Amino acid sequence: MIAIQEKLLKPIAGASKGYRTAVTLLALVALWGLFAWIYQITRGLGVTGMNKPVLWGIYMVNFIFFVGVAHAGALVSAVLRLSRAEWRRPFTRLAEAVTVFSLPFAALSIFADLGRPDRFFHLVLFPRLNSPILWDVMAVTLYFLSSLLFFYYGLIPDIALCRGQFPSATGLRGWFYRKFARTWRGTPEETHRLNRITGGFSVWLVILVVAVSTVVSWVFGLSYKPGWHTAIFGPYFITGALFSGVAVITLVAAAARRSFGLGEVIKPVHFDNLGKLLLTLGLVLFYLTVAEYVTTFYGAQPEHMAVLSARVGGQFAPLFWSMIVLCFVIPLPMLFRKKTRTVRNMVIASVMIVIGMWIERFIIMIPPQTLMPLPYPLGHYTPTWVEWSITAAFLATFTLLLLGFTRIFPIVSVWELKEGKTEAPAEVQKRVAAYQPEV
Amino acid sequence: MTHFPAGRPSSRDGLPEGSEEIMKTDEKIPKELTRAQFLKLGGAGLAAIAAGGLAQRALAKENPGQKATRRQWAMVIDLTRCIGCEACTVACQQENNTPPAPHADVGRMRAWNQVIFKEEGETPFAKIKYHPRPCFHCEHPSCVKVCPVGATYRDEKRGIVLVDYARCIGCRYCAANCPYGARYFNWSKPEWSKNRGNASNPGVPMRPKGVIEKCTFCIQRIRAAEERAAREGREIRDGEVVPACNQTCMGRARFFGDLNDPNSQVSKLIRSGRAYRLAEHYGNEPNVYYLAEVRP
């Protein structure tokens with residue numbers, strides 16, 4: 001256990017050369033994005049590819065995408081915690097980190113999309129509860145604050161551990177360890193209380209995940225627009241969110257495993273389980289996609305059919321079919337058999353799913369906007385370099401935050417791993433015994 | 001480069017001096033309206049604010065200054081007379097200072113009054129049908145419903161839908177949710193040709209970049225008529241308010257008036273049996289009516 005603890009704390013002790021290179025590159029991308037954003041603010045949204053009738057472009061796509069990624073934390077950490085899945089232990093920390101670090105970019109995506117970002121505070125000064133956008137703002141804020149607290153509670157024992165292990169840590173980091181470890185000593189009483197709190201928080205987070213995803217989908221679902229106006233959007237968004245989120249967690253876990261040499265901590269069996277989770281979510285998403293498209297096709301209302309044909313056979317057909325291939329056709333068979341659920345394949349499948357799900361968000365967002373009910377000419381939308389730069393910068397900064405995090409805290413929850421080794425076996429045994437008939 | 005008429009130095013956002021003020025003080029959404037809507041939503045926990053709002057509303061009702069005739073301004077467009085010349089579009093752009101789209105960018109064009117062309121029938125019997133489309137100033141506007149800050153609202157006194165340029169945050173949800181495509185976004189600072197000189201209309205504020213704009217039924221002309229009538233101590237006469245598009249229409253196809261007055265010209269016209277509205281299945285209840293084309 002001590003050896004593992006040392007291994008988990010090693011990245012904090014010093015940065016490798018690869019780490020410095022990665023940080024430099026990502027920081028450059030982020031700076032470029034910042035330049036693009038300043039350019040956009042001074043010139044107006046005219047520098048984007050958005051126009052009329054495609055009024056919402058990839059900023060909104062990114063918004064949905066980052067909210068989706070953020071949902072994985074709640075699923076892997078909260079749901080697996082509630083269902084007492086013991087294999088969750090190496091993932092909880094990084095799942096929560098993904099949630100906490102991706103949500104700010106969801107908010108920033110909206111911010112980048114506003115024509116008047118300087119008036120953002122109007123949402124607080126003159127809120128109008130009728131608008132689904134306001135529900136969005138409230139839901140995302142609430143989710144962010146809740147998951148931040150959840151994240152922090154899970155961190156406390158490890159902050160205390162770091163405080164003990166790195167007494168010489170100076171500057172911001174030392175201050176952080178001392179300030180945020182509070183009075184944690186690690187008594188059984190404290191651990192018990194911590195588990196009670198995280199348990200309660202897990203229930204709250206699961207409720208929030210359903211609410212946040214649904215509200216985000218309602219920005220579109222409650223509109224009149226054919227292609228958006230469908231009741232399936234809530235469940236569809238939740239499933240898609242979890243699907244892309246678990247894929248991101250798989251990628252982060254694989255990266256951490258490789259760069260920090262955590263092969264004995266995050267084992268193939270963990271990836272195997274994540275693979276099963278991905279497979280299930282992928283199949284549900286596929287089912288919902290089929291349900292939606294078949295319903296539209298047989299209902300055959302002209303306005304809805306126009307959107308469907310734009311997606312399946314019109315100007316968006318290449319994107320639609322690459323989404324189908326990237327999300328379902330290649331990854332699902334790969335995830336289906338135990339033999340092919342290797343770590344390497346899981347990484348390949350996850351990369352495909354992340355890209356495919358981003359495209360899926362695009363397919364949801366853009367085609368319905370290109371068609372107007374009145375006989376206007378068909379709309380077009382091509383994102384410009386400004387939009388791509390800001391998108392890349394968001395992804396880069398998100399990764400930077402994760403990287404920076406590994407330099408301050410262990411990316412795998414040390415206390416939860418320890419608990420898994422010391423207390424969990426007895427607890428599991430007791431639980432299994434309780435299921436048995438009395439005779 | 002932005003050009004404004006001489007003698008009016010541009011301030012923040014490239015607006016002429018004072019237009020922020022005009023926008024702030026004028027046509028501001030009454031506070032009690034949003035509060036009443038809170039109530040409608042059953043916003044629990046806001047009872048205290050709501051009560052305050054109701055009190056304010058009651059006070060406002062007793063205030064004689066607020067007691068004005070409620071009008072429902074509406075437009076009727078006779079398609080038998082429309083020749084699709086698009087003069088209404090040009091007149092509207094002149095009147096309301098809508099700048100041309102930069103670089104002939106069709107997707108960024110601003111035409112508060114746009115003529116929609118639709119081909120009907122098959123060759124050789126095909127025919128183009130015109131639908132001049134201002135904002136429809138709907139009874140149940142789907143744009144107002146989704147605005148997160150109440151920047152777009154229905155002026156119940158006049159029965160028209162307006163935008164508070166000083167409050168709009170530019171999220172464009174209203175435009176995405178308008179089935180008629182009547183809303184336009186300021187993608188960049190307004191740009192004018194240098195030759196334009198002093199040709200802008202001083203009675204209409206320029207819109208800054210990043211906000212939504214749309215047809216106002218020429219609110220400046222409605223207001224002028226209201227002031228004139230108040231000064232002379234009378235009601236506004238039928239036909240006294242003429243929006244720019246109506247004024248310029250060479251086929252005299254457009255009519256404007258108060259639907260709350262059963263004897264107004266528009267009221268009579270919509271009872272004619274030829275009247276219909278566009279895409280009624282969205283339930284927006286537009287206040288712009290078309291008179292079906294009668295072919296000779």
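In chain B, Glu120(B) stands opposite Lys127(B) of strand E3(B), a pairing seen here in a predicted model in which local features need pLDDT of at least 70, side-chain atom pairs count only at pLDDT 80 or more, and totals for chains, interfaces and linings use all residues. Residues are numbered from 1 along each chain as its sequence is written, while chains are lettered from A and ligands numbered from 1 in the order in which they are written. Chain B has 9 helices and 10 strands, where helices (H or I, at least four residues) and strands (E, at least two) are DSSP runs numbered from the N terminus.

**Strand pairing in chain B**

- Strands of a sheet pair through backbone hydrogen bonds, either parallel or antiparallel; here two strands are taken to pair if DSSP finds at least two bridges between them.
- E2(B) and strand E3 (residues 127-133) of chain B pair in the antiparallel sense over 7 bridges, and in their hairpin, which has 6 residues between the strands, Gly121(B) takes a positive phi near 80°.
- Strand E4 (residues 152-155) of chain B is joined to E5(B) by 4 bridges, the two running antiparallel, with Tyr153(B) opposite Leu162(B) in E5(B).
- E4(B) and E5(B) form a hairpin with 4 residues between them, and Gly159(B) in the turn has a positive phi of about 70°.
- An open sheet of mixed pairing is formed by 4 strands of chain B in the order E8-E1-E10-E9, and its edge strands, each pairing on one side only, are strand E8 (254-258) and strand E9 (275-276) of chain B.
- Within that order, strand E1 (residues 73-78) of chain B and E8(B) run antiparallel and are joined by 5 bridges, and Ile77(B) stands opposite Arg254(B) in E8(B).

- Of the 296 residues in chain B, 40% are buried, a residue being buried if 20 or more other C-beta atoms lie within 10 Å of its own, exposed if 12 or fewer, and partly exposed in between, with C-beta atoms placed from the backbone.
- Among the contacts in chain B with a separation of 6 or more, 64% are accounted for by residues 24 or more positions apart, two residues being in contact if their C-beta atoms, placed from the backbone, lie within 7 Å.

**Side of chain B that touches chain A**

- In chain B, 42 residues are in contact with 33 residues of chain A.
- The elements giving two or more residues to this side of chain B are helix H2 (31-40), strand E2 (114-120), helix H5 (142-146), helix H6 (173-176) and strand E6 (183-185) of chain B.
- By class, this side of chain B has 23 nonpolar, 12 polar and 7 charged residues, where Ala, Val, Leu, Ile, Met, Phe, Trp, Tyr, Cys and Pro count as nonpolar, Asp, Glu, Lys and Arg as charged, and the others, Gly among them, as polar.

**Helix packing in chain A**

- Helix H3 (residues 58-82) and helix H8 (residues 188-221) of chain A pack at an angle of about 150°, with their axes 9 Å apart; axes are lines fitted to C-alpha atoms, for helices over the stretch in contact, and angles run from 0 to 180 degrees between N-to-C directions.
- H3(A) and H8(A) are therefore roughly antiparallel to each other, given that angles under 35 degrees count as roughly parallel, over 145 as roughly antiparallel, 65 to 115 as roughly perpendicular and the rest as oblique.
- The residues of the contact of H3(A) with H8(A) divide into 12 nonpolar, 5 polar and 1 charged.
- Helix H9 (residues 233-259) and helix H10 (residues 268-299) of chain A pack at an angle of about 155°, with their axes 9 Å apart, and H9(A) and H10(A) are therefore roughly antiparallel to each other.
- The residues of the contact of H9(A) with H10(A) divide into 14 nonpolar, 4 polar and no charged.

**Backbone exceptions**

- Most residues other than glycine have a negative phi, and most peptide bonds are trans.
- The peptide bond from Lys52(A) to Pro53(A) is cis, with omega near 15°, and Pro53(A) is in the loop between helix H2 (17-43) and H3 of chain A.
- A cis peptide bond also joins Thr123(B) and Pro124(B), with omega about 5°, and Pro124(B) lies in the loop between E2 and E3 of chain B.
- Phe217(B), in the loop between strand E7 (212-214) and helix H7 (219-231) of chain B, has a positive phi near 60° and counts as buried, with 26 C-beta neighbours inside 10 Å.
- Cys218(B), in the loop between E7 and H7 of chain B, has a positive phi near 55° and is buried, with 27 other C-beta atoms within 10 Å.
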